[in-house]
Amino acid sequence: MKFFKSRIFFTIILFLAISLPAAFAEGNRDFMRETGKINVVVAVILVIFLGIVWYLVRLERKLTKLEHQTKDDQ
Amino acid sequence: MWWKILSVVLLIYVLLAGMLVPLKSGIQRAEPAYARTKQEIAVRFYGYNTMFSKAAASGIRTWLYYDETYALAASRCTALNDTILEAVFRMPANLPEGRQSAYLNAIIDHPAAGASLLPAAVELTQDSGIVAATLDSAWTARPVHQLHVQTGFSFPYQNVIYESIRNTYFHVPMWFVLLFLFGASVWYSLRYLRQPAPENDRRASAYAGTGLLFGVLGLLTGMIWANYTWGKPWSNDIKQLMTAVALLIYLAYFILRRSFDEYEKGARLAAVYNIFAFASLIPLLYIVPRMFASLHPGATGNPAFGSQDLDNTMRAVFYPAILGWTLLGLWLANLRIRYQRLFDKAMGLD
Amino acid sequence: MNWKSLIPLLHKEFLLEFRQRYALSGIVLYVFSMVFVVYIASIRVAPPVWNVLFWLILLFASINAVVKSFVQESGARQLYYYQLADPATLIFAKILYNSLLLLVLSVLAYGVYSLVAGNPVKDPGLFGLVLLLGSLGFSIAFTFIASIASKANNSATLMAILSFPVILPILLTLVRLSSVALRLIQDTAYTRDIWNLLAIDAILITLVFVLFPYIWKD
């Protein structure tokens, strides 16, 4: 869980989400364009999913902090 | 509770229908794309999602189409495989309306997959020499008639876009969710000014924060899509610009909220800024289209698909997609509101 | 809105400016140094670059000129105004004063800029009108944002962040109109842009009158 808490993790996720399609396109020029550009749709869905996960993880971190605070008060 | 279930059900439907429904068959290109009059020429059509070899040889009919009255029918069609069709045309002696050259659209009619069209497939040029005064009868000998219509559930085929038309259900709704959430944020800011209750401020900031998420997602997914269809990720398009400016407004909004020691003061000034900035964003809708030509669907003179190309099958997925994503956005915002409520209670603010 | 207290408030603004001449000279010096930087960096400026650079110089000079209109007045003095005048009159006087200030500033900037970087303006009448409309729009938006930013501690940074998204529609229209005045683009229907600009100003000023009382009360 500690790994999830680090800001670096989110940066990596965001970076991967943006650069992976580009990296594939460079290594194999037609990865995104072949098979009727279906991989563009895959990339879009992946980005949306990662974005929502990122939102949830951030909310969870805030909640954990709040739980610790209220525990200290009692 | 019911609306959360509805959102999940709708999104599952959107994901399944959006990914599994096949594309209609289409023609990618024709080779050769040039012909001269009086020539006998075999044109190869490269199809997408076509089933040329799955029809009886007589079943497939092909035309080169000038307009409603003039069309040339192929004398013979041979399917080389499922995606390549060779059609032999005998080009007529002259062109309609005394023209020197014309772009002809190709129509391929398949008994099962229906008719597909390729605009400006072949350019026909008048041969030098004496042009007959009367129009060659080949133009009207076998007119386009009794085209088959594909009755199954399928999405329209578009050149350049291909399968990525499915992004309509994933990328486009982000823009709708963004509008909805930012609108809700402004609404609660207005309510906060009329009645300064912490609940109104919590809602305004939570909707703005969730709207930011969807704005970023909309921009990122839009850039990916644009990169592989228009060739570049950014093109100063109105929707891209509006989203970018809206993101700047709400980033500024959150910085403003946090630069006050007193909670009430920050909430009040942030609410004022929210309303002011949102209202000043609206004129962009009139100004930007005058400054840049847009590639985005719906812009004038744009060959890409716009709302007029949204056929009934797409509507059946697109409208549920908008509702499903909006409800999901509401759900995410709701979690944030509930967290903030707990936080404020723990801090003794409320 | 109280017209009677408008004149004394305007008078107060001029008096304040006159007493703190160093602030105004600071802005003027700022414009001079910006223009000078442009001059050293590129001696011959192409008209499209001239256009954009001119509006950027003016944008930053305006932000700096307007930000002091609220910051320079202490809390005690603001309390005093609160008792004397109603908020609508107060903000109206400030907007009016800042429009004049920005108009003077932009004419000055135009003069100096055309001296060092050349003067590609082909339609001086239209360009003058654009300067006037620009000062008005900048003044409305920046005065209001300055009133928000002045309540916070780091007001200078906040001012730039808050005003950029708000000013963008005005700035884009101004750049377009002035490139018509420079004959960079041919557009016979530029009057529509002028109406757009006036409409934006009208929207913003209405919002300012409605929203300013909420900023003012504390």
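The model is predicted: local features need pLDDT of at least 70, side-chain atom pairs count only at pLDDT 80 or more, and totals for chains, interfaces and linings use all residues. Residues are numbered from 1 along each chain as its sequence is written, while chains are lettered from A and ligands numbered from 1 in the order in which they are written. For the complex, the predictor gives an ipTM of 0.87 and a pTM of 0.84.

Chain A comes first. Its secondary structure consists of three helices and zero strands, in the order α-α-α along the sequence. The average pLDDT of chain A is 77, and 61% of the residues score at least 70. Of the 74 residues in chain A, 18% are buried. A residue is buried if 20 or more other C-beta atoms lie within 10 Å of its own, exposed if 12 or fewer, and partly exposed in between, with C-beta atoms placed from the backbone.

Chain A meets chain B through 22 residues of chain A, in contact with 23 residues of chain B. Two residues are in contact if their C-beta atoms, placed from the backbone, lie within 7 Å. On the side of chain A that touches chain B, helix 2 (7-27) and helix 3 (34-73) of chain A each supply at least two residues. Helix 3 of chain A gives the largest share, 18 residues. By type, this side of chain A has 15 nonpolar, four polar and three charged residues. In this count Ala, Val, Leu, Ile, Met, Phe, Trp, Tyr, Cys and Pro are nonpolar, Asp, Glu, Lys and Arg are charged, and the others, Gly among them, are polar.

Chain B is assigned domain 1 (28-141) and domain 2 (162-347), with bounds that come from an automatic or database domain assignment. The C-alpha centres of domain 1 of chain B and domain 2 of chain B are 48 Å apart. Val9(B) is found in helix 1 (residues 2-20) of chain B. Val9(B) counts as partly exposed because it has 13 C-beta neighbours inside 10 Å. Between the C-alpha atoms of Val9(B) and Asn81(B), 72 residues apart along the chain, the separation is 40 Å.

Chain C also meets chain B: 27 residues of chain C are in contact with 24 residues of chain B. Helix 6 (124-149), helix 7 (155-181) and helix 8 (191-216) of chain C are the elements that give two or more residues to the side of chain C that touches chain B. Helix 7 of chain C provides the largest share of that side, eleven residues. The residues of this side of chain C divide into 20 nonpolar, four polar and three charged.

The mean pLDDT of chain C is 84, and 94% of its residues reach 70 or more. Among the elements of chain C, helix 6 of chain C has the highest mean pLDDT, 91. Helix 6 of chain C has 26 residues and reaches 36 Å from its first C-alpha to its last, close to the 38 Å expected at 1.5 Å a residue; the expected span is 1.5 Å times one less than the number of residues. Because 19 of its 26 residues are buried, helix 6 of chain C is largely enclosed by the rest of the structure.

Phe127(C) lies in helix 6 of chain C. With 18 other C-beta atoms within 10 Å, Phe127(C) is partly exposed. Not counting residues up to four places away in sequence, Phe127(C) touches Val121(C), Ser178(C) and Ala181(C).

In soluble globular proteins, nonpolar side chains tend to be buried together. A nonpolar core is a set of buried Ala, Val, Leu, Ile, Met, Phe, Trp, Tyr and Cys residues joined through C-beta atoms within 7 Å. The largest nonpolar core has 137 residues, and those that touch the most other members include Val44(A), Leu181(B) and Ile145(C). Helix 4 (residues 198-229) of chain B gives the largest share of this core, 14 residues. A second, separate core of 30 residues includes Ile27(B), Cys77(B), Leu95(B) and Leu104(B).

Terms used:
Helix = DSSP H or I, 4+ residues; strand = E, 2+ residues; numbered from the N terminus. pLDDT = per-residue confidence, 0-100.
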